[in-house]
Amino acid sequence: MRKILLITLLSVVLIACFVLTGCSTELTDQYVLEEKEEVISSDEFESILRYPVVTGLVDKKVEEKINGTIKERIDGLKRGLENFKQIPEMQDNTLDVTYEVGYRTKEILSIKIEVISHMRSFGVDDHVVIGKNFDLKTGELLSLKDILKGNYKEEIDAKLEVKFSELDVEVTKQFEGINDETVFYIKDNALVFCFSAVEYINEIGETLELEIPFSEISGFLKKPLAFEGDTSPELKNYNTAIDEETKPSGALFFIGENIRNASQKDATTMILSFEEIQEKYIGVYEEILIDNEVQQKLFEFFGDTFDKDRVSELEDADLKSLLQEIIDGGYMVVNAEGLFTIVQDYRVLEEYAGYLSDDIRDYIYLKAEESKDLESLKAGGVLPWAKIKDRLMKYEDYMETYPDSIKEYEAGREHMNLLHTFFFGFNGMPAFDYATNKINDELLENYREFVNMNKSSETAKIIEGYLEVLERNNYTLCEEVEEYRRSFSSINENNF
């Protein structure tokens, strides 16, 4: 325990953070990284610290800030080494510091600094990676939120969790997800996330470096990482025309005018970017629609069911303009439990599906089918059990067909939500009768049909086990039935 404690303490000292401020600058890609070496000798051993010094930037203040940040980290390592010389068990310990440039453009410089602590008293070497990602406009360090957009944490957590599960060593704790302190660096075609081997596999040695290619998170990349490389004129125009202030209606109009001339890769990037814009504006529009006065106007004019073909008949010019903007942005207005709100209408993307990669095309077809079903429901209506049954299998098929898709996590989440509904039902259509606690006969028949039609599927195996539990308990809700359905329905990602 003392051994682990001392090593962990050393790592904490060596990875202490600091913050500096910066300014804007003219950019150049003609800068140079010169290597500097410092040697610290003590008795029989020596520590060698190699690190880069940036020269050739146009703005010397930015250059000074970057070099100051790197030097401060090196000085911190030296101070940490000196402090630990005061501990008898660590007097002969030394450090080797090396670096490599992971990514360099005129906008961004990413440096991977590697620190190897030679702990001779323990007979081990500890390895720590420090990522330094600089904005060359200001000299500031970049965080994940500076280079990624949208709900990137959920997407990256899902991909990293898969990578942790694929490690060829036993993991001693569950992956906890990334946060603002997660170490990362940038490569030419990927983000690399770094995690403590002591923390996750209880071993002193190499840092766990898990790589996520840009191609898998293209829809979450901000400029300048987004759209790097050899892109078509259509995508470059999209990148120029669409920015943080672009509304969904504007983005969708641009896509309609340009996507047919774009490559499949670039067309797919356009659609993924459009989804991000839609998701961002859902909250903006909902905040307006939820106003009591707006809701009253909507119900007075449309009744319980919204009809987009009647929007032009509205006399309230502001409300008419807002609703038209929402519809043109690829949304549909629905009555959800007595409140008009909006959801993405994937039917507007169906006409572009043929220009996209197979996984995104098929995902849009899945979601467009849901949009059609949603529009056909009357206010307060719910999906038939048969629809839920069919969707469950379609999402499982999707995940099996496209296990590496950027949409695999979202498809898995939809599948889990559907399974939850299949086990618990809706408010107006529960799985078990409130009075008798007996299962709904139609639902029971759909369980049996699902198993018979999809015997080899993972979902069918779960439902088959559920049927056995139900049969043992005379198809009545009881503690065993409740425990089984909860164990598989509540968003338990490890089941799939």
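This is a predicted model: local features need pLDDT of at least 70, side-chain atom pairs count only at pLDDT 80 or more; totals for chains, interfaces and linings use all residues.

Student: OK, so is strand S10 mostly covered or mostly open?

Tutor: Mostly covered: S10, residues 340–344, has four of its five residues buried.

Student: What about the hairpin of S9 and S10, how many residues sit between the strands?

Tutor: Four, and glutamate 337 in that hairpin has a positive phi near 55 degrees.

Student: Let me zoom out. How many helices and strands does the chain have?

Tutor: 16 helices and 10 strands. The chain is 496 residues, and 48% of them count as buried. Its accessible surface is about 24,800 Å², with 47% of that belonging to carbon and sulfur atoms.

Student: And how many of the contacts join residues at least 24 apart?

Tutor: 62%, taken among contacts between residues at least 6 apart in sequence.

Student: Now the open sheet. What's the strand order?

Tutor: S1-S2-S3-S4-S5, five strands with mixed pairing. At the edges are S1 (32–42) and S5 (124–135), each of which pairs on one side only. From one strand to the next, the twist averages 20 degrees.

Student: How many bridges do S1 and S2 have?

Tutor: 11, in the antiparallel sense. Leucine 33, for instance, is bridged to valine 54 in S2. The two strands make a hairpin with two residues between them, and aspartate 43 in the turn has a positive phi of about 50 degrees.

Student: And S3 with S4, how many bridges there?

Tutor: 10, with S3 (residues 94–104) and S4 (residues 108–119) running antiparallel. Threonine 94 is opposite histidine 118 in S4.

Student: Which strands does H2 lie across?

Tutor: S1, S2, S3, S4 and S5, and H2 runs at about 170 degrees to S2. H2 covers residues 60–84, so 25 residues, and spans 36 Å from first C-alpha to last, close to the 36 Å expected at 1.5 Å a residue.

Student: What's going on at the start of H2?

Tutor: Aspartate 59 puts a side-chain oxygen within 2.9 Å of the backbone nitrogen of lysine 61.

Student: Switching topic: leucine 210. Where is it?

Tutor: In strand S8, residues 208–213.

Student: Why does leucine 210 count as buried?

Tutor: Because its relative accessibility is 8%, and the cut-off for buried is under 20%.

Student: Which residues does leucine 210 touch?

Tutor: Leaving out residues up to four places away in sequence, leucine 210 touches Leu160, Lys163, Phe164, Leu167, Leu191, Val192, Phe193 and Phe195. Take phenylalanine 193: it is 17 residues from leucine 210 in sequence, with the C-alphas 5.2 Å apart in space.

Student: Let's jump to H15. How many residues does it have, and what's its reach?

Tutor: H15 (residues 458–472) has 15 residues and reaches 22 Å between its first and last C-alpha, close to the 21 Å expected at 1.5 Å a residue.

Student: Which residues in H15 are buried?

Tutor: Thr459, Ala460, Ile462, Ile463, Gly465, Tyr466, Leu467, Val469 and Leu470.

Student: What takes a positive phi just after H15?

Tutor: Asparagine 474, at about 55 degrees. Asparagine 474 is in the loop between H15 and H16 (479–489).

Student: And what's the phi of tyrosine 475?

Tutor: Near 55 degrees, a positive value in a residue other than glycine. Tyrosine 475 is also placed in the loop between H15 and H16.

Student: Why is tyrosine 475 called partly exposed?

Tutor: Because its relative accessible area is 22%, and buried needs under 20%. Asparagine 474 is partly exposed as well, because its relative accessible area is 49% and exposed means over 50%.

Terms used. Residues are numbered from 1 along each chain as its sequence is written. Side-chain values use heavy atoms; hydrogens and water are left out. A polar contact is a pair of N or O atoms within 3.5 Å; within protein, one must be able to donate a hydrogen and the other to accept it, and residues adjacent in sequence count only if both atoms are side-chain atoms. Buried means under 20% relative accessible area, exposed over 50%, partly exposed in between (1.4 Å probe, protein chains only). Contact means heavy atoms within 4.5 Å. Accessible areas come from the Shrake-Rupley method with a 1.4 Å probe; for residues, only the protein chains shown count as cover. Two strands pair if DSSP finds at least two bridges between them. Axes are lines fitted to C-alpha atoms, for helices over the stretch in contact, and angles run from 0 to 180 degrees between N-to-C directions.
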